[in-house]
Amino acid sequence: MAHSASICRPERHTTSEGNTLTSLTKRALTGLALAGAASLVLAGCAAAPDASDSAVPEIDYLACAVSDEGSWNDKSFNQSVYEGLTKAQDELGVQINDAESASPDDFGPNLQAMIDASCDITIAVGFNLVDAVNAAAEANPDVNFVTVDGWSNGATNLKPIGYSMNQSSYLAGYLAAAQSSTKVVGTYGGMQIPAVTDFMTGYYYGAMAWGADNGETVKVVGWDPATETGDFIGDFVPNSGTSKSIAAAQIQAGADVLFPVGGDQFGAVSEAITEAGIDGRMIGVDKDIAASSPEYAEWILSSAEKRMTNAVYDIIKAIAVDGEAFNGDYYIGTLENGGTALSAITNYSGAQPQSELEAKLEELKAGIISGDINPLG
Amino acid sequence: MTTTPKAVKADARWSIAAKEIVSGGAFRAFLSVLLGFVVGALFMVGSNEEFLKALSYFTARPTDALTAGWGAIADGYAALFRGSIYNYNADNLVAALRPITETLRFAAPLIAAGLGVALAFRVGLFNIGASGQILFGALAATAVSTRVELPWGIHLVVAAVTAIIASAAYGALVGFLKARTGAHEVIVTIMLNYIAAGLLTFAFRQESLLRETGGGGTPKSDAPAETAQLPLLLGDSYMLHAGIVLALVAVVIYWWLMERSTIGYRFRMVGHNADAARTAGINVELTFVAAMAVSGAFVGLAAINQALGARAGLTPDIDGSIGFDAITVALLGSSTAPGVLLAGLLFGAFKAGAPSMQVIGLSPEVTGVVQGFIVLFIAAPPLIRAIFRLPAPQKTTVVADWWARLTRKKAAK
């Protein structure tokens with residue numbers, strides 16, 4: 001091993017004069033340093049690790065998830081669930097399995113793969129999997145399933161997770177109308193399915209409520225809950241050209257606050273805002289986008305959060321750790337139980353003072369929780 | 001002919017290359033599959049975290065990296081086997097045999113569409129429009145299966161025949177445009193793919209046309225009526241339906257058509273040399289139209305498989321990647337009936353095995369990479385010769401050489 005020790009002697013790069021270098025040479029030096037580091041790694045010179053003990057003892061529980069079309073790192077819907085799964089792995093010590101679906105053809109086989117892998121619980125993410133997961137639950141009565149945004153056709157081994165997204169979206173709509181200088185706000189969806197239009201309907205009535213409270217006419221483009229017509233991309237492909245053209249058309253129609261409900265559409269909306277040269281804002285969905293995707297933070301007004309990470313984690317914890325029995329009851333995330341919420345407000349520049357608006361939003365939240373305000377009109 | 005300009009020679013070079021690509025031998029196909037698996041193995045090793053971690057202390061304890069690397073390959077291909085052929089981890093026989101039925105289910109549309117593309121190849125046409133032909137056929141099949149009421153049996157036959165006619169007509173349109181206007185079939189088929197996708201989405205969106213009863217603005221159709229569904233072959237425990245039977249029948253028909261029938265002879269003649277065929281009195285233009293129609297008809301079987309094999313409502317992406325996978329199937333299968341059958345089964349197995357590979361943490365793209373490399377290896381040798389103007393090697397393979405020597409010796413004795 002003598003020769004390996006000589007290969008493995010680390011080289012030291014001194015960068016004391018780094019401050020005076022131009023950025024170009026700096027970059028070149030960084031490249032060199034990286035190459036040096038890489039060669040160390042490639043030469044295989046690190047010390048061999050000892051058998052390590054993990055922080056959390058593993059427990060005998062296998063939690064699995066199948067994604068909707070799209071990957072686990074979609075910065076939105078699928079990712080929220082996946083983070084719940086990895087959180088359970090890290091903090092509870094459960095085992096996890098996952099499969100991404102590239103097309104609807106994959107839903108059935110992916111669920112079957114989880115059944116074959118003897119998963120204790122399998123989470124089917126998304127409305128589009130509802131047929132497949134109901135079929136799988138009926139065919140495998142002794143396997144437990146969870147459907148996020150779907151429903152159960154009666155199988156007791158299938159637990160639906162749903163969200164009253166209209167509640168936080170109502171607050172988002174109210175906020176959007178307060179922010180807007182044109183008093184035109186826009187929203188559009190990925191697909192016209194209940195899990196999406198629920199956001200848009202709440203947003204619509206929230207914006208209308210601000211108009212009624214302040215005696216101004218507010219217009220919502222992109223969705224009309226009365227006729228159930230509006231703007232939809234047709235899929236959940238992140239930041240597609242269609243998405244951007246819808247955003248641009250809504251800006252053209254006067255909208256200066258947009259609420260895209262279709263996973264990661266924030267790149268498309270921010271581009272449309274920049275290209276139109278307006279002082280526009282967008283409201284995030286599913287996660288606190290300003291925190292999770294800082295590259296969009298400068299346009300984000302707030303986000304209507306759908307806290308799937310917690311729901312998934314809680315369900316796994318209740319069964320795997322607390323020893324509760326699986327049940328097929330609905331879990332509904334609301335403002336009251338914290339399953340949905342409006343994120344902190346950023347970049348607000350409306351005429352109404354922010355503190356006054358925030359107090360009003362708290363009041364509305366309490367009204368929705370008590371049932372005095374119906375976010376669905 | 002002594003004054004043949006260089007351009008013509010260059011053309012010949014490319015057409016020779018094209019011909020070699022689509023009619024490569026079985027041995028080369030086998031080697032390409034083998035090489036594809038080797039590349040897939042490298043991909044699996046390279047993306048294995050355990051291996052990369054162990055690599056950083058390779059000199060200190062090399063066995064870790066080697067074990068991890070070998071483990072990644074073994075686990076990966078074992079998962080592919082479990083997912084596509086036989087699940088030896090299953091609790092009961094029904095579950096253990098499910099993978100092979102899934103392979104057959106996924107292979108059926110690939111074989112059917114692969115035959116369609118292969119037929120066009122044999123006539124010297126590149127049918128890149130299988131995707132559009134599937135969508136157009138599925139549109140017609142869905143119209144019959146969800147909007148027409150007919151008794152059991154008859155309903156399925158009518159829906160299936162409608163799909164075949166629709167796909168064949170969509171294919172024939174390409175042949176017609178090529179024959180009458182000289183439009184290149186690659187451009188035409190690609191553009192028709194968009195048109196078919198648009199038409200299907202439009203029909204699935206309109207309530208008065210094919211939109212799901214009670215559905216919203218999302219393009220989706222009703223599930224095909226039970227009378228029009230392809231029957232399950234092995235009972236309720238398996239999703240395998242009669243689509244595979246259609247595909248197998250199609251393989252036999254394709255073989256007879258191309259190797260035994262007069263029209264198949266005419267197809268091949270035009271494919272070998274259109275000018276010679278014309279001189280010999282064959283109506284080349286008409287042959288283009290007929291070939292594209294028959295090609296579309298085979299692809300129509302894939303449409304039947306997708307539209308009538310479904311048990312739930314259809315969405316505009318029912319063609320999946322079948323239209324383009326069919327091209328690779330036809331290439332790997334050397335455009336012959338048994339070749340396409342085997343290639344379709346192989347790629348069907350890849351599709352069926354992908355979920356269990358994901359379960360053990362492998363990226364679902366691995367099989368796609370293997371698939372891509374197989375086709376690359378098939379296409380590369382003649383392509384490279386054409387690009388670098390290398391002469392074709394005189395001894396085609398070492399094996400053939402060795403075989404020739406062996407047989408000569410025997411003959412001498």
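What follows is a conversation about a predicted model.

Student: Let's pick a helix. How do you know what span to expect for helix 5 of chain B?

Tutor: Helix 5 covers residues 93-122, which is 30 residues.

Student: Where is the kink in helix 5 of chain B, and what makes it a kink?

Tutor: The kink is centred on B:P99 and comes to about 30 degrees. That bend is the angle between two fitted axes, one for the seven residues ending at a given position and one for the seven starting there.

Student: Why is helix 5 of chain B called largely enclosed?

Tutor: Because 23 of its 30 residues are buried. To count, a residue needs 20 or more other C-beta atoms within 10 Å of its own. On that count, helix 5 of chain B is largely enclosed by the rest of the structure.

Student: What follows helix 5 of chain B?

Tutor: B:G124, with a positive phi near 85 degrees.

Student: Which residues touch the most other members of the largest nonpolar core?

Tutor: B:A112, B:A138 and B:A163, out of 116 residues in that core. Helix 12 of chain B, residues 284-308, gives the most to this core, with 15 residues.

Student: What does B:A138 touch, leaving out residues up to four places away in sequence?

Tutor: Its partners are B:A163, B:L200, B:A303, B:Q306, B:A307, B:L314 and B:I318. There's also a second, separate core of 62 residues, which includes A:M191, A:A268, A:A272 and A:A341.

Student: How many residues does each chain put into the contact between them?

Tutor: Chain B puts in 28 residues and chain A 29. Helix 4 (62-84), helix 5 and helix 14 (337-359) of chain B each supply at least two residues of the side of chain B that touches chain A. Helix 14 gives the most to that side, with 5 residues. By class, the side of chain B that touches chain A has 13 nonpolar, 11 polar and 4 charged residues.

Student: Over to chain A. Why is A:R307 called buried?

Tutor: The cut-off is 20 or more other C-beta atoms within 10 Å. A:R307 has 22, so A:R307 is buried. You'll find A:R307 in the loop between strand 12 (300-306) and helix 11 (308-320) of chain A. Setting aside neighbours within four places in sequence, A:R307 is in contact with A:G333, A:G338, A:G339 and A:T340.

Student: Then what makes A:K183 partly exposed?

Tutor: A:K183 has 19 other C-beta atoms within 10 Å. Buried starts at 20 and exposed means 12 or fewer, so a count in between is called partly exposed. A:K183 sits in the loop between helix 6 (165-179) and strand 6 (184-189) of chain A.

Student: And why is A:S118 called partly exposed?

Tutor: Because A:S118 has 13 C-beta neighbours inside 10 Å, and exposed would need 12 or fewer. A:S118 lies in the loop between helix 4 (107-116) and strand 3 (121-125) of chain A.

Student: Last one: how far apart are the centres of domain 1 and domain 2 of chain A?

Tutor: Taken over C-alpha atoms, 30 Å. The domain assignment gives domain 1 as 57-161 and domain 2 as 164-304 + 346-368. Their contact takes 9 residues from domain 1 and 11 residues from domain 2.

Definitions and conventions: Residues are numbered from 1 along each chain as its sequence is written. Chains are lettered from A and ligands numbered from 1 in the order in which they are written. This is a predicted model: local features need pLDDT of at least 70, side-chain atom pairs count only at pLDDT 80 or more; totals for chains, interfaces and linings use all residues. Helices (H or I, at least four residues) and strands (E, at least two) are DSSP runs, numbered from the N terminus. The expected span of a helix is 1.5 Å times one less than its number of residues. Two residues are in contact if their C-beta atoms, placed from the backbone, lie within 7 Å. Ala, Val, Leu, Ile, Met, Phe, Trp, Tyr, Cys and Pro count as nonpolar, Asp, Glu, Lys and Arg as charged, and the others, Gly among them, as polar. A nonpolar core is a set of buried Ala, Val, Leu, Ile, Met, Phe, Trp, Tyr and Cys residues joined through C-beta atoms within 7 Å. Domain bounds come from an automatic or database domain assignment.
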